[in-house]
Amino acid sequence: MDSSGWQLFLDSFWPIVWGGISGTIPLAFASFAIGLVIALGVALARLSKNRVLSGAARFFVSVVRGTPLLVQLFVIFYGMPAIGIVLDPWPSAIIAFSINVGGYGAEIIRAAILSVPKGQWEAGYTIGMSSGTTLRRIILPQAARVSVPPLSNTFISLVKDTSLASLILVTELFRVAQEIAAFSREFMLIYLEAALVYWLFCLVLSSAQGRLEKRLDRYVAV
Amino acid sequence: MSPSEIPADPLAPRATPDDAVLLTARGIRKSFGDNEVLRSIDLEVRRGEVVVLIGPSGSGKTTVLRSLNGLETPDAGILSFDGGPDLDFAAKVTKQGRLAMRDRSAMVFQQHNLFPHMTVLENVIEGPVRVQRVPKAQAIADAEALLERVGLAEKRDAYPFALSGGQQQRVGIVRALALKPDLLLFDEPTSALDPELVGEVLKVIKELADEGWTMVVVTHELGFARQVADEVLFMDGGVVVERGAPGSMFTNPREARTRQFLDRILRPLD
């Protein structure tokens, strides 16, 4: 790399990182938080004995997993105005990503709930708990431990998938990089730099995952 | 051996016919699909009494126990506590009815079913604090006293995985006691334990019996049954084949099937 390339790399590093801190990360965290709530609701609906509820949940999961995220994003941002719903880029992106996390997360949470032995439900019932309290106090804390690794996977995928939001005009990491690249014409350098910054973010998140797993593992023999 | 030669039970009977009936079950039936596991079971438990259910695997004894606290819902039959209103399973059992029934008893499971994400103390106070709304300080004091009694005071902050099988089961018993139930239900409490750990658990159960706790116990430990039971019910094929005091039933069973079962367990090599 010649000195002007190195200088460009340094000059664009903080703008790209800032695009991540102000765009990518809040977008990912907000979507993941909302998505988890959706996922839990959908997982419980799928486990419900009510056939309409479990059928609806199954349908939701099937559609979310069976259609490209980019298409979902475009339907919400470019498609919805046709039926009179006009949303700004940010809300559109958060809605699309939340729904996506909801679909994938639902299956993870459902499997995690099913992995808790039936005796734990029974123990909850015999100390007088309702099924709602048993779920909240006994089952979900144990399911959480099981679901952290796969949900972390979903989260890290999400962090990278937020780059798609650049296509509906959300200013995030990748969009900043695109603008710098278009201006400087140094596509290779800038896009590799963007990849590096994504990777750095994901390294930090992975180490947070490791710490969370360790904390949740404190009650099992390792 | 004639009845007069049977050594006197070292424990005076805790329940007398004058004691109030705590639990009455009549005509309890239950099928799983085509498999009829209970065909009209009658059961009466007086306050302070220890009723032991024995019988081969698949005889329905665990299903009886689980029906007494609503883990199974019988297809038909009547359950009543303290001569109170009947719970009629042929009609639709309301959620309130089931919860009220559940509040009367506490269960000790074969696989202890302790909550693995909670410490010993948290396991014990969970029911009192979350369900019975006992003030937390009070619940902790009660729990510590109970743990002290079963010799596990120093384990209060341990997680279940760090305990031996016998210790886990003793915590399971304490968790049940902490609810201050009228009736303790034991579902094969020692069947999952290593043989050398069985004694410490049976000892605790026997002490509770001696203190006058009312209990229904499903077990394969006949020696233990003989020592603690006021009444033994031998079940086979979903019916109670024989019932009576343990001394007479174990030495002098009336029914051929009871004799066969006892022989197989007491003299497996003959």
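Predicted model: local features only at pLDDT ≥ 70, side-chain atom pairs only at ≥ 80, totals over all residues.
I then checked its backbone: phi is positive, about 45°, although Glu188(B) is not a glycine. I placed Glu188(B) in the loop that runs between strand 7 (183-187) and helix 6 (195-210) of chain B.

Next I looked up His112(B). Its phi is near 25°, again a positive value in a residue other than glycine. I found His112(B) in the loop between strand 6 (105-108) and helix 3 (120-131) of chain B. I noted a relative accessible area of 21% for His112(B), which makes it partly exposed.

I turned to chain B as a whole. I counted 9 helices and 10 strands. The radius of gyration is 19 Å, close to the 18 Å from the globule rule for 270 residues, so chain B is as compact as a globular protein of that length. Along the principal axes, its C-alpha atoms fill a box of roughly 55 × 45 × 40 Å.

I checked burial and contacts. Of the 270 residues in chain B, 52% are buried. I took the contacts between residues at least 6 apart in sequence, and 65% of them join residues at least 24 apart.

Last, I looked at surface and charge. Chain B exposes about 12100 Å², and carbon and sulfur atoms supply 50% of that. I recorded 32 positive and 39 negative side chains, with the centres of the two sets 4 Å apart.

Note on methods: Residues numbered from 1 in each chain as written. Chains lettered and ligands numbered in written order. Heavy atoms only, no water. Helix = DSSP H or I, 4+ residues; strand = E, 2+ residues; numbered from the N terminus. Rg over C-alpha atoms; globule rule 2.2 N^0.38 Å. Buried < 20%, exposed > 50% of the residue type's maximum accessible area, 1.4 Å probe, protein only. Contact = heavy atoms within 4.5 Å. Areas by Shrake-Rupley, 256 points an atom, 1.4 Å probe, with all protein chains shown as cover. Lys, Arg positive; Asp, Glu negative; His and termini not counted. Charge placed at Lys NZ, Arg CZ, Asp CG, Glu CD.
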